[in-house]
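Subject: Structure for you to look at

Hello,

Here is the structure I promised. Please open it alongside these notes.

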Amino acid sequence: MADQTLPIAGALDLTPIHHRPRPLVEWLHDWVITVDHKRLGILYIVYSLFFLLVAGVEAICIRIQLAVPNNHFLPPEVFNRFFTMHGTTMVFLVGMPILFGFANYLVPLMIGARDMAFPRLNAFSFWLTAFGGILLYYSFIGGFGLYGMGNAPDVGWFAYAPLTEKPFSVGHPVDYWALALILSGFGTLGTAINIIATTLSMRCRGMTLLRMPLFVWLMLVVSGMTLVTITPLTAAQVMLLIDRYLGGHFFDAQAGGSAVIWAHFFWIFGHPEVYILVLPAFAIENEIVPVFARKAIFGYPAMVAASVGIAFVSMGVWAHHMFTIGMTSVSNTFFVLSTMLVSIPTGIKIFNWLATLWGGKIRFTVPMLFAIAFLFQFLIAGLTGIMLAVAPWDWQLHNSYFLIAHFHYVLVGAIVMNIFAGIYYWYPKATGRMLNETLGKWHFWIFVIGFHITFDTMHFVGFLGMPRQIYTYEPDRGWGHLNMIISIGGFIQAIAVLIFAWNLIYSYRKGKAAGNDPWDAWTLEWSTPSPPPVYNFAADPVVNSRRPLWDLKHPEDPDWKYEA
Amino acid sequence: MLSLIIGECGIFTIFVVAYIYYIGKDLSGPTPQQVLDIPIFNTVCLLSSSVTIWLAERQIDRGKMKSFAALWGLTIALGIIFIVGTGFEWHKLIFQDGLTIRTNLFGTTFYSLVGLHATHVVVGLIGLILILLFTLTGHVNETHSERIQVWALYWHFVDAVWIVVFTVVYIVGR
């Protein structure tokens, strides 16, 4: 080496930093102070997987309580706290952080950037979110301690007024709920701003907006939606706190306030929130389906347009959660029609995925299995969605287990399935090791079977008239057997999730090495080593088409020849 | 910053909607007609601060730091006049008219909406004052023009929201 300037050989320790044995404290310190988008992405994902387990335990407790009539496995107060916390946790501490975790990890890699636009804002947002989650769970031990489960919120995840007002909710459960969500809301807002800035200003050379991977497009749309949907929730929660602490009358019917307006404000947030959660699932689907069908995605521009369409339409459908609240028939009709409108862009998406699969050379790996299960389950979820969108049908089944079955089909059958798919797909990139395929297939089949046992059956108890959020029921209602089946399905899913957790740990130690590009994929993140170095790309990538790695691997037949 | 402003618009929209929804739904007084005076002087001050900050942006683009600092200072002064004016208005409402946040719906929505806006003015002022301090100590020059413009954008937003709040509270609501 010509530029060797060290005076004495061996005077400096030249082993790369990550090979040196390091004390645990220093390792932890590195993770806490990190501003690297990849590490923050992993932190987000680990954080939400932890809460996924917690919320899962809550769900299992709820299911044990409901498995047989007249059960007293949980005290009624604890039951209320558990279903509230299960919903709140899954939406705010699992769904959103894990999807932002994926976005954090993948968006800069996919657009060929070194990091997010504002790395420190990124770290700040994560820690805000994390603190929000911890505050929410502190409520279990705050106040009167664990007896009766402390001050945990017990008002349902939508926290309808006037139940949340001071006279009806003494103590601090509602305050924990509102403050924790305001906090994590600000964290989410920061991340959303960051993702928008990153996609708009950090793309590498040649990466025009219409060459971005669909994943990035969808994350951009989701972030835009986040800006206008999380803020109404924050505003409504501030009003709630004003009511509770300063004696305001926003939702106080006795002083002329209105409880219905809380429902409006909540669902103005609440419905777009569903799309904030499901669009990232679409995003994962968009990356996985083409790679494992060995075909370019069908109808790229239509996919982009459909996503933006969903974003806009979803802002105008919120009151379909409120058909039974007593609106005028004009507004009922409006929300029936606007809700049905959503099915057009989602239908476009489903047909595009099917067209991508059509004639493809499909490889049935674990991520693809989950992605295909997603297609079926999302279709059914969409169909029950259209049923519930019809106001008279909704009057019959509102707040019954049919509704629960519908939205769990979306949240578990579509979103959680695709989160699993995404983890199986990108785990090799993040850790450098493949997840075990055999364990993965066990996980998939057990989970899918458990899922269908639980949630298919739930539709039927819904038809039989079982309302949501009830503590227990009499044996003569005839719901006993079905509820037992639902609970058994819940346990089967829990076993599958444990297999998954074991797979994550086992493969991290013993999994086979992944290499840069184990799936023979086409987007930029697969062109760097696994795990990617801190700087992501040694040289700034230049892109000529939507599938840069295809061009690289097939110089004789590159994509840019066919793209306008 | 544009994204942040879009988000902020969401928050304000909800508070404005609540205000409009509750206009005239009070079960007890005092009502807006009885107690609210139109704060024309305040409004003129706040809106003209948008003009002065725009002039200041132009000065920094040309590298004229002295006139930048002067115009920037003027903006701050106008903002402070607005806040003090709001303070006097609230003082009158609370001690003469007996209107507090717990009196009636008008009180709840009025103090929340105007208070939310005033909070934003205060945040804006803190930023403006910090920038003025950095300018006076010589840490700001024309290379920072873009960053200055970002904060100025926020200030314009705060002013623009006041137009909405003013229209809703003092014109429609009265």
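Below is what was found in it.

This is a predicted model: local features need pLDDT of at least 70, side-chain atom pairs count only at pLDDT 80 or more, and totals for chains, interfaces and linings use all residues. Residues are numbered from 1 along each chain as its sequence is written, while chains are lettered from A and ligands numbered from 1 in the order in which they are written.

A contact means C-beta atoms, placed from the backbone, within 7 Å.

Overall fold: chain A has 15 helices and zero strands. Helices are DSSP runs of H or I, at least four residues; strands are runs of E, at least two. In chain A, 51% of the 564 residues are buried, i.e. 20 or more other C-beta atoms lie within 10 Å of the residue's own, with C-beta atoms placed from the backbone. Of the contacts between residues at least 6 apart in sequence, 80% join residues at least 24 apart.

Helix α9(A): residues 329–357 span 43 Å from first C-alpha to last, close to the 42 Å expected at 1.5 Å a residue, times one less than the number of residues. Its buried residues include A:F335, A:V342 and A:W353. Their cover includes α7, α8, α10 and α11 of chain A. Just after α9(A), A:G359 takes a positive phi of about 75 degrees.

Best wishes

Terms used:
Buried ≥ 20, exposed ≤ 12 C-beta atoms within 10 Å, placed from the backbone. Contact = placed C-beta atoms within 7 Å.
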